[in-house]
Amino acid sequence: MTSNLADDASRPTTNSVPVPSALVPHLDQCALLLDIDGTLLDLAPTPREVWVPPELEQTLRALHERTSGALALVSGRSINDIDLIFAPLKLPAVGGHGAEMRLLSSAEQVATRAPPLDPDLKNRLAAIARISPGILLEDKGYSLALHYRLAPHTEKAIYESVAAIRAENPHAPLEVLPGKSVCEIKHAGVTKATGVLELMNHEPFKGRRPVFLGDDVTDETVFAIMPELRGLAFSVGRHSDIVAGHFDEPRDVRAWLARLLDPQLAPG
Ligand SMILES: O=P(O)(O)OC[C@H]1O[C@H](O[C@H]2O[C@H](CO)[C@@H](O)[C@H](O)[C@H]2O)[C@H](O)[C@@H](O)[C@@H]1O
């Protein structure tokens, strides 16, 4: 891959989507690492209401093939959830903010990197949802997400309740992860970055140059490790000093990914 890839890829078009022309001929040396919610998919009122456009499924399938399997979804969602959303498409994935890993799309087993949350603690955290009927609980086993998109006025009460429970359990290995209208309580020690670092140590990802796209605070851990992996990061929605470029919206990401397959840009 040429050393001017970053410069070329970060050259903005009028709508600030980077031009992928320098990336296309080198896809066989790249690993595409893609966040899901807010990056590939438009945000929805609830986690179950997201929709995968058929063209995106086709694009991901083709890019997975073009990269010889080195395309992975890197998400806060569980891999089980990811498979349901993208069914019948099954892709390599880092799930649960690094708590789960699947290197090959054909693998039946998902490897876990975090133990289940303590049941008593989980029950106490789950009871926070009783603050309002608008709060949705998402139980991933190793983490618990309290979604308040439908009840934004409860944000402060949720974070205060979580802080109180943590104060009573100062030695519990927990981390609070603020997301988009969600407060997630997860095991400390695993992050999307630890997941990506592990993924990049294994075939078919090993030795490739990662190209990561993400939109959220949690994705910044991955932005930060791109230089050590000779990789490129792109942000969605938000600007960041440490990325090669940014997209305004998920639909721009979907169009950009489709352009990576443009036969006119592909090597002869
Ligand atoms: O890392 P990601 O793939 O971006 O996943 C982050 C979280 O995404 C989901 O919640 C978010 O998307 C929902 C659907 O658009 C939205 O309703 C919610 O408000 C967002 O926080 C998912 O439910 C979480 O488990 C992920 O951690």
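A residue is taken as buried if 20 or more other C-beta atoms lie within 10 Å of its own, as exposed if 12 or fewer do, and as partly exposed in between, with C-beta atoms placed from the backbone. Strands are DSSP runs (E, at least two residues) numbered from the N terminus. Five of the five residues of strand S11 (residues 232-236) are buried, so this strand is largely enclosed by the rest of the structure. In a regular strand the side chains alternate between the two faces of the sheet.

The structure is a predicted model, in which local features need pLDDT of at least 70 and side-chain atom pairs count only at pLDDT 80 or more, while totals for chains, interfaces and linings use all residues. Residues are numbered from 1 along each chain as its sequence is written.

An open sheet of eight strands has the order S5-S4-S3-S2-S1-S10-S11-S12, with mixed pairing. Two strands are said to pair if DSSP finds at least two bridges between them. The edges are strand S5 (111-112) and strand S12 (245-247), each of which pairs on one side only. Strand S10 (residues 209-214) runs parallel to S11 and is joined to it by four bridges; the partner of Val-211 in S11 is Leu-232. Strand S3 (residues 93-95) and strand S4 (residues 100-102) run antiparallel and are joined by three bridges, with Val-94 partnered by Met-101 of S4.

Met-101 has 24 C-beta neighbours inside 10 Å and therefore counts as buried. Its contacts, not counting residues up to four places away in sequence, are Val-94, Ala-111, Arg-113, Gly-195, Glu-198 and Leu-199. Contact here requires C-beta atoms, placed from the backbone, to lie within 7 Å.

Leu-32 touches Leu-63, Thr-67, Ala-70, Leu-71 and Val-211, with residues up to four places away in sequence left out.

The protein chain is divided into domain 1 (5-113 + 190-259) and domain 2 (119-187), with bounds from an automatic or database domain assignment. The domain centres, taken over C-alpha atoms, are 26 Å apart. At the interface, 14 residues of domain 1 are in contact with 15 residues of domain 2.

Strand S8 (residues 174-179) pairs with S9 in the antiparallel sense over six bridges, and Leu-177 stands opposite Glu-184 in S9. These two strands form a hairpin with two residues between them, and Ser-181 in the turn has a positive phi of about 55°.

The ligand is surrounded by 24 residues, the closest being Ile-36, Asp-37, Pro-47, Ser-75 and Gly-76; a residue is near the ligand if its C-beta atom, placed from the backbone, lies within 6 Å of it. Strand S7 (143-147) and strand S9 (182-187) are the elements that give two or more residues to this shell. Both domain 1 and domain 2 give residues to the shell, so the ligand lies between them.

Terms used:
Contact = placed C-beta atoms within 7 Å.
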